[in-house]
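Keep the structure open and follow along.

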Amino acid sequence: MCGFVGFIDYRKKSSQAVLVKMCDVIQHRGPDAGNYFFEEQSDFQIGLGHRRLSIIDLHSTANQPMFYKDWVIVFNGEIYNFREIRSELIKLGHVFDTNSDTEVILQSFEEWHTKSINKFIGMFAFLLFNRKTQEVFTVRDRPGVKPLHVYKDDGIIMWASEIKSFLQHPMFVKKIDLSAIKTYLQLGHIPTPFSIYKGVSKQFPGTICKYSIIGKQSVAERYWDVTSFYLKDNLDISYEEAKSKTLRILESACNYRLVADVPVGVFLSGGYDSTLVTSIIQTNRTDRIKTFTIGVEDEKINEAKFAREIANRLGTDHTEHYIHESDMLALFEGLPYYYDEPFGDSSAIPTMLVSKIARQSVSVALSADGGDEVFGGYNRYDKLRMLKRFRILKNIPLPYSFLINSVVQDRLKAERIISLLKYPNPITLSRVLNNPYSRDEIDDLFLNNLDDYTQNIDEKIFSIKDDLKSMMAMDYTSYLLDDILVKVDRATMRFSLEGREPLLDHRLIEFAAGLPDSYKINGSQKKYILKDIVHDFVPKEVMERPKMGFAAPIKKWLRKDLVPLLDEYFSENFLHKQGIFNVPALKQMINDFKVEKNNINATKVWYLLVFQIWFQKWMVDEK
């Protein structure tokens, strides 16, 4: 796990000193080494920089940028099956100087070119420069575990693991995309490919981009797309056979993610997903895997006691750390630096804290994200049953919009019902369940009419006929990608900890996408097959309990500890200087929340406050 930057500067205003600055701001991603490649040619300058967190092959010979024949690479992530690929290359006559997975990527590209990507099992984002062809290749892993950002402007193109690197280059033009703010307030994050800054985009996962330095042209190719697996027919497979094969894939995925030359641990919440990963790893091991959990005093959301019981049953080397609200609040105002963009998921704070605890003992921690997206675990999947009723009503010619607006006083509820009557499909359902604002509310907040990036949906998802599969594909390509994976990457990297995701092994989703719906949701039982596998390790009576989420108590904070920040960042003086929002409308919303009027959702205020703190950090303090 590392961080990298790269640029092609046609105006030749760059230098190695600039390259170093771009890397210095992401030193938390790689504190063990920093190295650089800078070259000036007749028509351009090229720079590649790397910050290394040493995980595989700890020797300095494995530092990056790494060179092989005409190739130069900077790489963030891990290729877990690199040893098998290395052996295959050796049989073809290749000779290796290191024991690193980075060198395997280089020699794979020399041997198989872009087809080599299909061999890789892992999480990765990397940039390859070919000196002979004068081409740059950028590649992002299949689900998008590792980040990759691109900045394009007249005379320069740049790539980076984190956006803050761009701000260190003198040719970066810092200008907010106002439509991205509107989208963020609805989702709590900014979806791929968009960014908070104009000119900055996020490379799609499962994509390889080839950039011709001479021609100044980019060509993108999708080498993997989860939607294509949901479009296939269901597998003709018995439940027991499906369960057995699922377990075999999970065992392979977990074992691959133990490949490291440094200590490895597991985040254990005590829920099904983390218990599954821990069970598979600890079973048949003589040494005790290290597990980590954090607890809170509020018993309504405290899972630490359950994690402790699971750890005792499985025999792990368990660390349990109780935190206080003050611990979480202390991290709050620092979020904009590590997340670069406004990011409203408050569970980022406890994720940072458990990462901090784990980093004291290990350099790698396995996380169990993806279980809900792969096996159907979200409560919103229960709502799919409503679509049948809405489809029936849609065919009855009645003035529903008029009737609903007359009866339902809450604008958001009325809008949701009308939307589902017009477009009764899983995509609409997903939108209305996850958006805290009505269309009028969000438009009223801004001075200008803005685009809505929430409408940017992969058209192939609409081709999926099965409602559950369609909604799960939507979650995998949006919420998982732009919320969950961003949260975990930045939280772990904040403390130079490598996070690994066994449930996001592409072989697992490729298989699970073809399983019958009843294997995932059986009656009222979500994640049916996954839970059944867990029960073979830990008794059902120990596991079955109401699902708990773990996020910061934002409503309580906004009414107490964060009131001074509300007063500061929503003052008329601050808002007028920003020149973004409709001040009377925004002030009315904040005041209504303060006096508990009109049932203003705390999430709306939280998203707004997070944006204001981001704005202060990057648009005011960093001027």
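The cut-off for that is under 20%. The model is a predicted one. Ser-419 sits in helix 15, which covers residues 411-422. Which residues does Ser-419 contact, leaving aside its neighbours within four places in sequence? They are Thr-428, Val-432 and Arg-439. Another point of reference is Arg-431, twelve residues away along the chain. The C-alpha atoms of Ser-419 and Arg-431 are separated by 9.7 Å.

Turn to helix 4. Eight of its ten residues are buried, and the helix is mostly covered. The buried set runs through Ser-179, Ala-180, Ile-181, Lys-182, Thr-183, Tyr-184, Leu-185 and Gln-186. What covers these buried residues? The cover includes helix 16 (426-434), helix 17 (439-444) and helix 28 (602-621).

Is Met-171 buried or exposed? Its relative accessible area is 9%, so Met-171 is buried. Leaving out residues up to four places away in sequence, Met-171 touches Asp-9, Arg-11 and Lys-13 among others. Its contacts also include Tyr-151, Asp-153, Asp-154, Gly-155 and Ile-156. Met-171 and Asn-35 are 136 residues apart in sequence, and their C-alpha atoms are 22 Å apart in space.

Thr-227 is another buried site. Its relative accessibility is 0%, so it counts as buried. Thr-227 belongs to helix 5, residues 226-230. Not counting residues up to four places away in sequence, Thr-227 touches Asp-458, Lys-460, Ile-461, Ile-464 and Thr-477.

Now the nonpolar interior. In soluble globular proteins, nonpolar side chains tend to be buried together. Here the largest nonpolar core has 100 residues. Phe-109, Phe-124 and Phe-126 have the most contacts inside this core. Helix 6 (residues 239-256) gives the most to the core, with six residues. A second, separate core has 89 residues, including Val-25, Tyr-338, Leu-353 and Met-619.

Look at Phe-109 in more detail. What does Phe-109 touch, not counting residues up to four places away in sequence? Its partners are Trp-71, Thr-114, Ser-116, Ile-117, Phe-126, Leu-128, Val-139 and Ile-208.

Next, helix packing. The axes of helix 6 and helix 7 (residues 272-282) come within 10 Å and cross at roughly 75°. That angle makes helix 6 roughly perpendicular to helix 7. On the helix 6 side, the contact uses Leu-247, Leu-250, Glu-251 and Cys-254. These meet Leu-276, Val-277, Ile-280 and Ile-281 in helix 7. By class, the contact divides into seven nonpolar, no polar and one charged. An α-helix has 3.6 residues a turn, so residues three or four places apart point the same way.

A second pair has another geometry. Helix 11 (residues 348-359) and helix 19 (residues 479-493) pack at an angle of about 40°, with axes 8 Å apart. That makes helix 11 oblique to helix 19. Their crossing is right-handed. Ala-348, Thr-351, Met-352 and Ser-355 in helix 11 meet Lys-487, Arg-490, Ala-491 and Thr-492 in helix 19. The contact holds three nonpolar, three polar and two charged residues.

Finish with backbone details. Where are the cis peptide bonds described here? One runs from Gln-64 to Pro-65, with omega near 0°. Pro-65 lies in the loop between strand 3 (45-52) and strand 4 (66-68). The bond from Thr-192 to Pro-193 is also cis, with omega near 10°. Pro-193 is in the loop between helix 4 and strand 10 (200-202).

Positive phi values come next. Lys-216 is not a glycine, yet its phi is positive, at about 55°. It is found in the loop between strand 11 (207-212) and strand 12 (217-222). Asn-284, also not a glycine, has a positive phi of about 70°. Asn-284 lies in the loop between helix 7 and strand 14 (290-295). With 80% relative accessibility, Asn-284 counts as exposed.

Technical notes:
Residues numbered from 1 in each chain as written. Heavy atoms only, no water. Core = buried A, V, L, I, M, F, W, Y, C linked by side-chain atoms within 4.5 Å. Buried < 20%, exposed > 50% of the residue type's maximum accessible area, 1.4 Å probe, protein only. Helix = DSSP H or I, 4+ residues; strand = E, 2+ residues; numbered from the N terminus. Contact = heavy atoms within 4.5 Å. Axes fitted to C-alpha atoms, helices over the stretch in contact; angles between N-to-C directions. Parallel < 35°, antiparallel > 145°, perpendicular 65-115°, else oblique. Left-handed = near helix turned anticlockwise from the far one by under 90°. Nonpolar A, V, L, I, M, F, W, Y, C, P; charged D, E, K, R; others polar.
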